[in-house]
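Please read them beside the sequence and the coordinates.

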Amino acid sequence: MNVINKIKIMRKPKKLPERSSTSIPKHHTYHSKLVILGDTAVGKSCLVLRYVRDDFCEFQESTIGAAFLSHVVNLDYESVKFEIWDTAGQERYRSLAPMYYRGSAAAIIVYDVTNKESFSGAKSWVKELERRSGPDMIIALAGNKSDMESKRQIEFEEVSAYAKENNLLHFETSAKTGANIKELFTEIATKIPKIDQPETRSAFPISPPRHRRRDPFACW
Ligand SMILES: Nc1nc2c(ncn2[C@@H]2O[C@H](COP(=O)(O)OP(=O)(O)OP(=O)(O)O)[C@@H](O)[C@H]2O)c(=O)[nH]1
Ligand SMILES: [Mg+2]
């Protein structure tokens, strides 16, 4: 190799023109309050646990008051940080629910596909939200425990028709296998209006009695 070729090879590469900072859109993270509603034992806490920690618990304890978890969904051009309020489905906690759904950008109303009554419960939550929440709230119905096909009491088509009539999203999920859980939250993230909501967690002083104050998603 002669000297000229050597010099050519060692020449510094040309500096590429810098892209203006405005040409790359900023990846913004929106904060969105999301509430989980539905009868007791339909699998609300398990659904959240599967989504946030990719875990499942056969003996999940019944929720007291409400539990809080957050999770970020990355979309193509933005992210949504869900601040998730998992409410307690037992009747004695029902009067607390408005504190959690008020101001929520989205609600997931869970029913259990193996329990017909839980779908009636879900419909009463839909009515309550239609009366008392904002018109822009995204409402999704989640038919959980879809892994228990042999015990099914509610057909997908029946709920789908109801969801269509009432402008709701509808998914069948399984917290046990993980089926459709990510899809449900991602669909909600793409649909919610991209407006930042103030963080709400500190506004909720409810906590279980001292002797039970531990991770509400822990297994017994
Ligand atoms: N087979 C099956 N079982 C499930 C599924 N999700 C939940 N479970 C079971 O249902 C039980 C109740 O689930 P939870 O998540 O505690 O129900 P919840 O709706 O949070 O109940 P509350 O906190 O009382 O309102 C759990 O212990 C699980 O064993 C599922 O997708 N498939
Ligand atoms: Mg629970």
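1. A term first. Two residues are in contact if their C-beta atoms, placed from the backbone, lie within 7 Å. Axes are lines fitted to C-alpha atoms, for helices over the stretch in contact, and angles run from 0 to 180 degrees between N-to-C directions. Helix α6 (residues 181–191) lies across β2, β3, β4, β5 and β6. Its direction is at about 175° to β5.

2. Confidence. This is a predicted model. The chain has a mean pLDDT of 86, and 80% of its residues reach 70 or more. Residues 16–21 fall below 50; beyond near neighbours in sequence, this stretch has one contact in the model. Residues 202–211 also stay under 50. Where pLDDT is low, the predicted coordinates should not be read in detail.

3. Overall make-up. The chain has six helices and six strands. From the N terminus, the order of elements is α-β-α-β-β-α-β-α-β-α-β-α. Of the 220 residues, 34% count as buried. Among contacts with a separation of 6 or more, 73% come from residues 24 or more positions apart.

4. The sheet. Six strands form an open sheet in the order β2-β3-β1-β4-β5-β6, and the pairing is mixed. The edges are β2 (66–74) and β6 (169–172). Each has a single partner strand, so one side of each is left without a neighbour in the sheet. From one strand to the next the twist averages 25°.

5. Strand pairing. Nine bridges join β2 to β3 (residues 78–87) in the antiparallel sense. In this pair, Ala-67 stands opposite Asp-86 in β3. β1 and β4 are parallel, over five bridges. There Leu-34 is set opposite Ala-106 in β4. β4 and β5 also run parallel, joined by seven bridges. Val-110 stands opposite Ala-142 in β5.

6. How far is β4 covered? Seven of its seven residues are buried. In a regular strand the side chains alternate between the two faces of the sheet. For β4, one side holds Ala-106, Ile-108, Val-110 and Asp-112. The other holds Ala-107, Ile-109 and Tyr-111. Residues on both faces are buried, Asp-112 included.

7. Helix α4 (residues 116–132) lies across β1 (28–38), β4 (106–112) and β5 (138–144). Its angle to β4 is about 160°. β4 and β5 are also among the strands that α6 lies across.

8. Buried or in the open: which describes helix α5 (residues 156–165)? One of its ten residues is buried, so α5 lies largely in the open. Asn-167 follows α5 and has a positive phi, near 60°.

9. Ligand 1. Which residues come nearest to ligand 1? Of the 23 around it, these are Gly-43, Ser-45, Ser-62, Thr-63 and Gly-89. Helix α2 (residues 44–53) gives the most to the shell, with three residues. By class, the shell has seven nonpolar, eleven polar and five charged residues.

Methods
Residues are numbered from 1 along each chain as its sequence is written. Chains are lettered from A and ligands numbered from 1 in the order in which they are written. A residue is near a molecule or strand if its C-beta atom, placed from the backbone, lies within 6 Å of it. Helices (H or I, at least four residues) and strands (E, at least two) are DSSP runs, numbered from the N terminus. Ala, Val, Leu, Ile, Met, Phe, Trp, Tyr, Cys and Pro count as nonpolar, Asp, Glu, Lys and Arg as charged, and the others, Gly among them, as polar. Two strands pair if DSSP finds at least two bridges between them. pLDDT is the predictor's confidence in each residue, from 0 to 100. A residue is buried if 20 or more other C-beta atoms lie within 10 Å of its own, exposed if 12 or fewer, and partly exposed in between; C-beta atoms are placed from the backbone.
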